[in-house]
Amino acid sequence: MAASEEFKSQVRQAFAAIQPGQRYVFRRTFTEGDMTLFCGLTGDYNPYHLDESFAQASWYGRRILPGLLTSSMITHIGGLLGFVATEMHFRYLKAVYPGETITCTVTFVEKDEEQRLLSAQASFVNQDGVEVQQAWFKGFPTFIRLQAEP
């Protein structure tokens with residue numbers, strides 16, 4: 001099925017609206033419930049996430065969030081940009097624990113006019129200012145409902 005001319009125009013406008021250097025920020029505190037729901041939904045039954053006794057005996061000392069749960073913060077920003085990702089890469093630097101507040105900052109770094117793709121990087125920082133994760137991704141926006149940070 002072919003996209004309508006109106007939709008194609010909307011995609012062109014969204015692509016034109018995002019420029020390298022634009023930043024978007026999202027902050028959230030992850031709860032035990034978030035972790036439980038995520039593990040149940042994805043089938044990630046890793047004992048580091050769900051088994052308190054196991055996690056206490058590990059070098060983490062307590063249960064940790066699944067890395068992809070933290071990574072999913074970029075999908076909140078992406079969803080508000082109608083962003084369709086074509087590629088994603090993650091680097092996990094430090095464990096994230098239930099109850100921690102993480103700030104995800106997405107910065108668009110490159111615009112490929114020929115392929116109509118945007119490249120972005122993301123930094124995830126905990127409430128203590130420690131970077132816990134990094135991400136790089138590519139794709140294209142389709143329907144922007146979020147304002148860039150000044």
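Guide: Gladly, and please keep in mind that this is a predicted model.

Visitor: Thanks! Which residues of helix α6 are buried, and why do they line one face of the helix?

Guide: Helix α6 covers residues 73-80, and its buried residues are Met73, Ile74, Ile77 and Gly78. Looking down the axis of α6, these buried residues fall within an arc of 140°, so they line one face of the helix.

Visitor: Let me step back for a moment. How many helices and strands are there, and what pattern do they follow along the sequence?

Guide: The protein has 6 helices and 5 strands. Read along the sequence, they give the pattern α-β-α-α-α-α-α-β-β-β-β.

Visitor: How does strand β3 pair with β1 and with β4?

Guide: With β1 (residues 23-29), β3 (residues 101-112) pairs in the antiparallel sense over 7 bridges, and arginine 28 stands opposite isoleucine 102 there. With β4 (residues 117-126), β3 is again paired in the antiparallel sense, and aspartate 112 stands opposite leucine 117. The pairing of β3 and β4 runs over 10 bridges.

Visitor: Which residue in the hairpin of β3 and β4 takes a positive phi?

Guide: The hairpin has 4 residues between its strands. The positive phi is near 60°, and it belongs to arginine 116.

Visitor: Is phenylalanine 108 buried or exposed?

Guide: Phenylalanine 108 lies in strand β3. Its relative accessible area is 2%, and the cut-off for burial is under 20%. Phenylalanine 108 is therefore buried.

Visitor: What does phenylalanine 108 touch beyond its sequence neighbours, and how far is its C-alpha atom from that of leucine 118?

Guide: Leaving out residues up to four places away in sequence, phenylalanine 108 touches Ile18, Gln19, Pro20, Gly21, Gln22, Tyr24, Leu81, Phe83, Leu118, Ser119 and Ala120. Leucine 118 is 10 residues apart from phenylalanine 108 along the chain, and their C-alpha atoms are separated by 7.0 Å.

Visitor: And serine 71, is that one buried or exposed, and what is it in contact with?

Guide: Serine 71 is found in helix α5. Its relative accessible area is 2%, so serine 71 is buried. Setting aside neighbours within four places in sequence, its contacts are Phe90, Tyr92, Phe124 and Gln133.

Visitor: What is the volume of the largest pocket, and which elements give two or more residues to its lining?

Guide: The volume of the largest pocket is about 150 Å³. Of the 14 residues lining this pocket, the closest to its centre are Leu65, Gly67, Lys94, Ala95 and Val96. The elements giving two or more residues to the lining are α5 (67-71) and β5 (131-140).

Visitor: How do the residues of that lining divide by type?

Guide: Sorted into nonpolar, polar and charged, the lining of the largest pocket has members of each. The division is 9 nonpolar, 4 polar and 1 charged.

Visitor: One last thing: what share of the protein is buried?

Guide: The C-alpha trace spans about 55 × 35 × 20 Å along its principal axes. Of contacts between residues at least 6 apart in sequence, 68% join residues at least 24 apart. Among the 150 residues, the buried share is 37%.

Conventions: Residues are numbered from 1 along each chain as its sequence is written. This is a predicted model: local features need pLDDT of at least 70, side-chain atom pairs count only at pLDDT 80 or more; totals for chains, interfaces and linings use all residues. Side-chain values use heavy atoms; hydrogens and water are left out. Two strands pair if DSSP finds at least two bridges between them. On a 1 Å grid over the protein atoms alone, a cavity is a set of points where a 1.4 Å probe fits but cannot get out, and a pocket is an open set with protein on both sides within 12 Å along at least five of seven lines; lining residues have an atom within 4 Å of a point. Grid points are joined across faces, edges and corners, and a volume is the space filled by probe spheres set on the points. Ala, Val, Leu, Ile, Met, Phe, Trp, Tyr, Cys and Pro count as nonpolar, Asp, Glu, Lys and Arg as charged, and the others, Gly among them, as polar. Buried means under 20% relative accessible area, exposed over 50%, partly exposed in between (1.4 Å probe, protein chains only). The arc is that of the directions from the helix axis to the C-beta atoms. Contact means heavy atoms within 4.5 Å.
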